[in-house]
Amino acid sequence: MRIDRTLVERCYGQAKGERWRAPKDRFARALETSAEHAFAGRSPQARELERYLTSLHLEDLALACACAAGDDAAWEHFVLTRRPVLYRAADALDATGGSRDLADALYGELFGLRGSDGDRQSLFRYFHGRSSLTTWLRAVLAQRYLDRLRASQRSEPLPDEESASALRASSETIEPERERYLQLIRAAMKRATADLPARDRLRLACYYAQELTLAQTGKVLCEHEATVSRGLARTRATIRKTLERDLRTAGLTDDEIVRCFECVSEDAGPLSVHDMLDTGTKDSARKKTVPDRSA
Amino acid sequence: MANSRERDESIERLLRQSLNDSQRAGATDECLDAEVVAAMIDGGLPGPALAAAQSHVADCARCQSLIGAMARIDSGAPVETVRRVHGWLTWAVPLAAAAAGVAVWVAVPHRNDVPAPQTIEVRRRAEEQNVPVAAPPVPAETFSDAKSKKDEELASQLRRETKQSADAALSAPAENAPAARSVNERGPARLNATLAEAAGLDILSPDPMVRWRIAGSTVQRSTDGGVRWELQPTGAPAELTAGAAPSASTVWIVGRAGVVLLSTDGRTWRRVPFPEITDLSGVRARDARSVSVMAADGRSFSTTDAGATWVPRPLQDF
């Protein structure tokens, strides 16, 4: 996608690109790449393209371009202003400081590694200005952190079949009817959630699977936490109606439906995602009712 | 169970169970990259793209984890991590580390291995000329033994004058006083130099296992990522304030009263002559020969010959 030179110049001026001596051709390429991603192959009208480009975090984009080009002043500014942010993000991911090495390792990739053709490929080329540079750095760091966490999980040995937990699980006696009720209500729940709008499912996932607070969930969905709370309540009510209808359709009486819910209440349930990651406390960390996370 | 509240609680339990069970865990071509997630968080995705991203995240455990981590980072709340500390290790490890520290402290004789100037020649400031200032020789006598009364008075005066600004610099918030630096070895020398700048008390090296820390006028070194610490005699006569390690074996440390220390093997230290008795609060190191130190009064001094000559200059405007 070619962008008119005048528009590039205007964006460059808005970005204060001269401050970092950001190369204009590199800046123009970054704008083009950003627009290609945003418009997914279609050709926008001139006004639409201008509106999009001028809404970008252009100063951050210029700084990223200058850093990718290896400008010393830009790098010093970047390091001094973004390193504390990265370290705080690393500490939020792992309070023991174990993620700081990930933050440090990013600088090498941000500066760029020379490929086989001798060109230096900077990680900055993936920054398109649709977010602030700080948010993008946090996202990159979070992605690296989770990848490392998953890699460590893959190397975890499976529990010994003769272990205490395995024996305990196999020795549990399960009431046949209870198992049937649980299967019925779980299947109904899957159908009920699958039929929800994506936004409602995402709200549920943030709150129940990721165990975010209402405020954090609201941040993800760009909603006020009161709206999140109302949305969750509304969705739960919808799910409950759907569940009860489905169970009736399956031929269950009112008493049996009550028994279905009782079985869920009695069932310890699976471990949460976070509990599953924490293998050291796997046995003791049974899922509890979610506490009020309105803070 | 006729109680409506209990039924709602059952639904919540089912939701947690169902949402955790039904999600895909592996990465797919549709998984959001960091740029899209960042744009989503910052409101930079237009309507259709936002709807598509939300639709994917709603069913993708992998992307939900990323969104969740981002939300926790934003709010400063810790993200749960995998911890493998079992039972007695939770108290035994710190106890053993403390015992080892005490043993080293007792075992190592407290002598001043690092020679310091017998008399400290305080040079006039030469910023205007910007010419190299020859550093004074460093005879093999201890700083405290050798200082003349006049020098002592001058040093005290300089300390009083600079204490306030030095304290302010040291207690500045994280944005203004970046913590200890380290960098992946793949980075270029220029980047190493920038990242090696330090104003904190922990000194990280490019090797994540090797690091130093400053406590008052003492230096400790760890070669196992900070689990065990070895006290290193430096003979520093004054409080140390900052350090930088451009490599796993080269460390520069600065302190009050013009103290500059250098180790090129990571274990032994030598006092590098410095032309002024001024409190130093920061250091940026490129290698064992090139370093810039920041004084608490805003000036900086650079050397490219391991401290034989120093070039004073105003502090760079970052």
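## Overview of chain A

Chain A contains 14 helices and two strands, where helices (H or I, at least four residues) and strands (E, at least two) are DSSP runs numbered from the N terminus. This is a predicted model, in which local features need pLDDT of at least 70 and side-chain atom pairs count only at pLDDT 80 or more, while totals for chains, interfaces and linings use all residues. Residues are numbered from 1 along each chain as its sequence is written, and chains are lettered from A and ligands numbered from 1 in the order in which they are written.

Of the 295 residues in chain A, 38% are buried; a residue is buried if 20 or more other C-beta atoms, placed from the backbone, lie within 10 Å of its own. Among contacts in chain A with a separation of 6 or more, 62% are between residues 24 or more positions apart, a contact being two C-beta atoms, placed from the backbone, within 7 Å.

## Two sheets in chain B

One open sheet of four strands in chain B has the order β2-β3-β4-β5, with antiparallel pairing; two strands pair if DSSP finds at least two bridges between them. Strands β2 (202–204) and β5 (230–232) of chain B each have a single partner strand, so one side of each is left without a neighbour in the sheet. Within this sheet, neighbouring strands are turned by 25° against each other on average, direction ignored. Strands β3 (residues 211–215) and β4 (residues 218–222) of chain B run antiparallel and are joined by five bridges; B:Trp212 has B:Arg221 in β4(B) as its bridge partner.

Four bridges link β6(B) to β7 (residues 251–255) of chain B in the antiparallel sense, and B:Leu240 is bridged to B:Gly255 in β7(B).

## A covered helix in chain B

Helix α2 (residues 34–41) of chain B is mostly covered, with eight of its eight residues buried. These include B:Val36, B:Val37, B:Met40 and B:Ile41, as well as B:Glu35. Just after α2(B), B:Gly43 adopts a positive phi of about 75°.

Helix α10 (residues 198–209) of chain A and helix α3 (residues 47–59) of chain B have axes that come within 8 Å and cross at roughly 45°, the axes being lines fitted to C-alpha atoms over the stretch in contact, with angles from 0 to 180 degrees between N-to-C directions. α10(A) is therefore oblique to α3(B), since angles under 35 degrees count as roughly parallel, over 145 as roughly antiparallel, 65 to 115 as roughly perpendicular and the rest as oblique.

Residues of α10(A), including A:Leu202 and A:Ala205, meet residues of α3(B), among them B:Val57 and B:Ala58.

Terms used. Buried ≥ 20, exposed ≤ 12 C-beta atoms within 10 Å, placed from the backbone.
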